[in-house]
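Here is a short tour of a two-chain model, written for someone who likes cut-offs stated plainly. Have the viewer ready, and let's begin with a strand pairing.

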Amino acid sequence: MNLSAAPTSAPAANAEPTQAIDVCDICYSYGDERVALDALSLQVLAGAIFGLLGPNGSGKSTLLSILIGRRTAASGTVMLLGQSLAPRLRGRMAIVFQEPSLDPNMTVRETMAMQGRMFGLKPRDAARETSTLLERLALADRASEMTATLSGGLKRRLELARALLTHPEVILLDEPTLALDPDSRHGLWQHLLAANRDGCTLLLATNDVHEAERYCQTVALLDRGRVVAQGAPGDLKRDLRRDAVRIEWKTDATPEVLTMQSWPGVGHVRLADRTTHVTVDAASPFLTRLFQASGDRVHSVQIEESTLEDVYFQLVGAGIRPPSDGIPRETAR
Amino acid sequence: MMQLEAIVALVARDLRSFLRSRSQLYSSVLFPLMLLAILGTGVSEGLDPKNIDDYVTFLTPGMIAMTTVFSSTFSSASYYQDRDSGILKVFLASPHSPRVVLLGKTLSAVIIGAAQGLIVLGVASAIPAINFHWQYGVVPSLLVSIFAIVMLNFFLSGLGQLLASRIRSMQGFHLVMNLVLFPFLFFSGAFFPLDKLPEWLKVLGRINPLSYGVDMMHLALYADGSGGYFGLPLDFAVLTLLAVAVFYIGTGRSVSPDR
């Protein structure tokens, strides 16, 4: 496990870039107070699926906005496809934004045509490619409809089709599956994986641990604008010594969870409805104490595989997902 | 070449959106004509202004200017719609500079505003109660009017973009535009001749960019053997200079899709 940002270096002159993205020591602040990126460095190999994993405010979206030229880093260097950032490079990349980004007054086909014209595609090529993509993403029968009439999942698919239209070498994905149902999420990823198989580099910003683990070959864990760890999900979890325990409670267990946080060997505690996810140094002594203290209230217990969220908690001392109701359910130990 | 294609695409998109918004299309043309009929007839018949000959015809250039004012306000406000829908971010993530994106949007505002102004001019010329004098001959007068309408739209659309860059909300934008543009309109000679005003109001008229456009149209359409308030050369020089300068500044501003 690499607990620090990977070392970076400028690509050799005249060499074919093997790094799609090379970010070195970049800093960015919103005003004088909030530091969004603090000497952040990372490298994304060409053809990789790379995940930026961190809670809201950790700098993921800021980094993406720098890569597409919406913001300029105060210091540091950014190389994209072996070159310094420039508007023309945006012709070789695409982005799927976190929030919807469709014109409600345009039809599906007009949306695609507009993208083609903005990126300098010949109308005939854009039309042919549009037909192929709409067919592949099951949008062909909605081609003449206004985008405002599409469901959330269809809008996301259209945004992906739009991104794929210009055959980008890099696609930036800012929480692309946010608010999608599991089927839509799975479907979207199948298209993204197909693009990746064709050689497209994917840079995914997310706070969905399972998505990052499942699809990314490399993940960088971000905390307050810094990379705290980077590596393959399996490698990052290998050095995690803690066990993960999932407890289903018969009734609301807020008092038990608050007590549990003070037990020795207990790390990350997360409560959602009547389910608690706990990382512990060792499962056996924890379970013994759990049943002694609250055995009659426990419905079931399951020892689980640790997730990247557990890794993140061990490194940062906080969870990736915020608690839903303000109860202090995550503690550093 | 690719930039030109992007600008054309942006203009075509805004024109299509405008044509699809029937209420905006109809109201922007009908409102000035309605005002022309009501205000023109009301003042002519009710107040019987002694020192304005043929008030309805006098009022027509002012109504054309008002059409461009409203049109530029609505068109500039589409910046906020694009920002809120997220499409502005998509345009800014294309391989073009923000200036290209703004140029496309502002040019579409100019075309829409000019087209609406010309429609009002066309409809007004067909109304029997309005007697244009075509002081320089029909075609030259028409060209002078078209020039004034187009330049006014360049100025107002540039101003709209300039204000949109500094005002966060669409509501605030409309408030400020009204605050700026209504005085522009009142002291432009659109509703009453500038030369009959007290001296301090004449000063406001002189520093008002709209006055030069209205004067130019008065010269072309209403005046008969008159040199106008400012005169055609001064109208031409000031209007061109202001239109080009404000349009350039307006389309050159920094664009943040977040505000």
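Tyr28(A) has Leu37(A), in strand 2 of chain A, as its bridge partner. Strands here are DSSP runs of E with at least two residues, helices are runs of H or I with at least four, and both are numbered from the N terminus. Strand 1 (residues 19-30) of chain A pairs with strand 2 of chain A in the antiparallel sense, over eight bridges; two strands pair if DSSP finds at least two bridges between them.

A word on conventions: this is a predicted model, in which local features need pLDDT of at least 70 and side-chain atom pairs count only at pLDDT 80 or more, while totals for chains, interfaces and linings use all residues. Residues are numbered from 1 along each chain as its sequence is written, and chains are lettered from A and ligands numbered from 1 in the order in which they are written.

Back to the sheet: it is open, has four strands in the order 2-1-4-5 (chain A), and its pairing is antiparallel. Strand 2 (34-45) and strand 5 (83-84) of chain A each have a single partner strand, so one side of each is left without a neighbour in the sheet.

How confident is the predictor in chain A? The average pLDDT (the predictor's confidence in each residue, from 0 to 100) is 85 for chain A, and 89% of the residues score at least 70.

Over residues 323-333 of chain A, pLDDT stays under 50. Helix 10 (residues 308-316) of chain A is mostly covered, with eight of its nine residues buried, among them Tyr312(A) and Phe313(A). Buried means 20 or more other C-beta atoms within 10 Å of the residue's own, exposed means 12 or fewer, and partly exposed lies in between, with C-beta atoms placed from the backbone.

Now to chain B. Tyr212(B) sits in helix 9 (residues 209-222) of chain B and is buried, with 29 other C-beta atoms within 10 Å. Leaving aside neighbours within four places in sequence, Tyr212(B) is in contact (C-beta atoms, placed from the backbone, within 7 Å) with Phe230(B), Asp235(B), Val238(B) and Leu239(B).

Where the chains meet, 20 residues of chain B are in contact with 20 residues of chain A. Helix 1 of chain B gives the most to its side, with seven residues.

Key: Contact = placed C-beta atoms within 7 Å.
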